[in-house]
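Here are my notes for your review. Please read them with the coordinates open.

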Amino acid sequence: MKPAVLLTGATGYIASHTWLALLKAGFDVVGVDDFSNSSPEVLKRLEELSGTRPVFERADVCDAAALEAVFQRHRIDATVHFAAFKAVGESTQKPLAYYANNIGGLLNVCRVMQQHGVHRFVFSSSATVYGDPASLPITESFPLSATNPYGQTKLIGETILRDLGAANPAWQTGCLRYFNPVGAHESGRIGEDPRGIPNNLMPYVAQVAVGRRPFLQVFGNDYPTPDGTGVRDYIHVDDLAAGHVAALRRLLQAPGSFTVNLGTGRGYSVLEVLQAYARACGRDLAHEVVPRRPGDVAACYADPTLARELLGWEARHGLDRMCADSWRWQSMNPQGFEA
Ligand code: WQD
């Protein structure tokens, strides 16, 4: 019998790519989403790409009764919890909404899992828990801090899972600290589709390339980095999806919990991303240097050694592939999923 995995936030960017990777790896998948930050169109694309009808339940992870009904209807062996609000700036304006959704949703999922004797849990964490690192590359033993409510919800989420495991060793949890997920499935049929003005670099660059935005604002070129612009560890979303498959296999095959970085170990600057994207789309991309964005750090990239040792996983795609796949998605879907 195939292991059955529940994905919350299942029609979101990283979850939808993970859904495909899990099906391909021989897992059964049950997807749950309330479409608060994603489109039902994703389900049609997943059916087209996988050749099977997605098993999906529309539900809000903050609705305990709805989650209970999902566990009544489906066999679940493990959960990957993606459902969360993720905009750093928005979180400083709406802290209550972020704590209610990100922490309340996590607590609900854990409670219903516990009631059904399901104790394998993969958590979407983030490199944001490292704050402004004192050195680079970043290992999992670095000090943790949060400078915004979004980052706090990730820190608190990791603490909740650690305490669950300490109270009951049946809980096996994998915290995956994502660095900067970018790119899209090679088919161009699913990809990142932020609502409103993109907060993150690559979706914004993609919208400049496709003509939806006139130019990119480069947030500062006076950082202590090789070209003065911010350096980040961009990781292809399909490499990230593979990291989730490896984490689930580990949880299903060996006892114990873990926290690992999912990054490439390579940092690229804003200007390097712009140059790579220009190569991918075949045109120069208008940009203007403006003052730094409050809260940004100069540089952040992972030491991915532990994930390689524990999960047998490492990222395979470089920046040019990330940009090529992002551009294929954006050029084939200029308005995203809402055609
Ligand atoms: C990358 C670089 C910007 C936009 C955040 C969250 C993190 C995770 C990923 C959720 C920086 C520069 C950006 C723009 C720019 N989110 N930039 N112009 O800030 O590293 O991480 O998103 O999990 O938790 O903190 O990513 O893509 O916003 O910025 O110059 O229009 O691009 O200054 O150097 P970030 P980002």
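This is a predicted model: local features need pLDDT of at least 70, side-chain atom pairs count only at pLDDT 80 or more; totals for chains, interfaces and linings use all residues.

1. The shell. The ligand is surrounded by 19 residues. Tyr150, Leu201, Gln217, Arg232 and Asp296 are the closest. By class, the shell holds 8 nonpolar, 7 polar and 4 charged residues.

2. Which strand gives the most to the shell around the ligand? Strand S8 does, with 4 residues. The strand spans residues 216-219.

3. In serine 126, a side-chain N or O atom is 3.0 Å from an oxygen atom of the ligand. In asparagine 180, the corresponding distance to a ligand oxygen atom is 3.1 Å. Glutamine 217 uses its backbone instead: an N or O atom there lies 2.8 Å from a nitrogen atom of the ligand. Taken alone, the ligand exposes 690 Å², and the protein buries 89% of that.

4. The sheet. Three strands make an open sheet, ordered S12-S9-S14, with mixed pairing. Strands S12 (268-269) and S14 (299-300) stand at the edges. Each has a single partner strand, so one side of each is left without a neighbour in the sheet.

5. The S9-S14 pair. Strand S9 covers residues 231-232 and pairs with S14 in the parallel sense, over 2 bridges. Arginine 232 has cysteine 300, in S14, as its bridge partner. Arg232 is also among the closest residues to the ligand. I would check this residue in both contexts.

Note on methods. Residues are numbered from 1 along each chain as its sequence is written. Side-chain values use heavy atoms; hydrogens and water are left out. A residue is near a molecule or strand if one of its heavy atoms lies within 4 Å of it. A polar contact is a pair of N or O atoms within 3.5 Å; within protein, one must be able to donate a hydrogen and the other to accept it, and residues adjacent in sequence count only if both atoms are side-chain atoms. Accessible areas come from the Shrake-Rupley method with a 1.4 Å probe; for residues, only the protein chains shown count as cover. Ala, Val, Leu, Ile, Met, Phe, Trp, Tyr, Cys and Pro count as nonpolar, Asp, Glu, Lys and Arg as charged, and the others, Gly among them, as polar. Two strands pair if DSSP finds at least two bridges between them.
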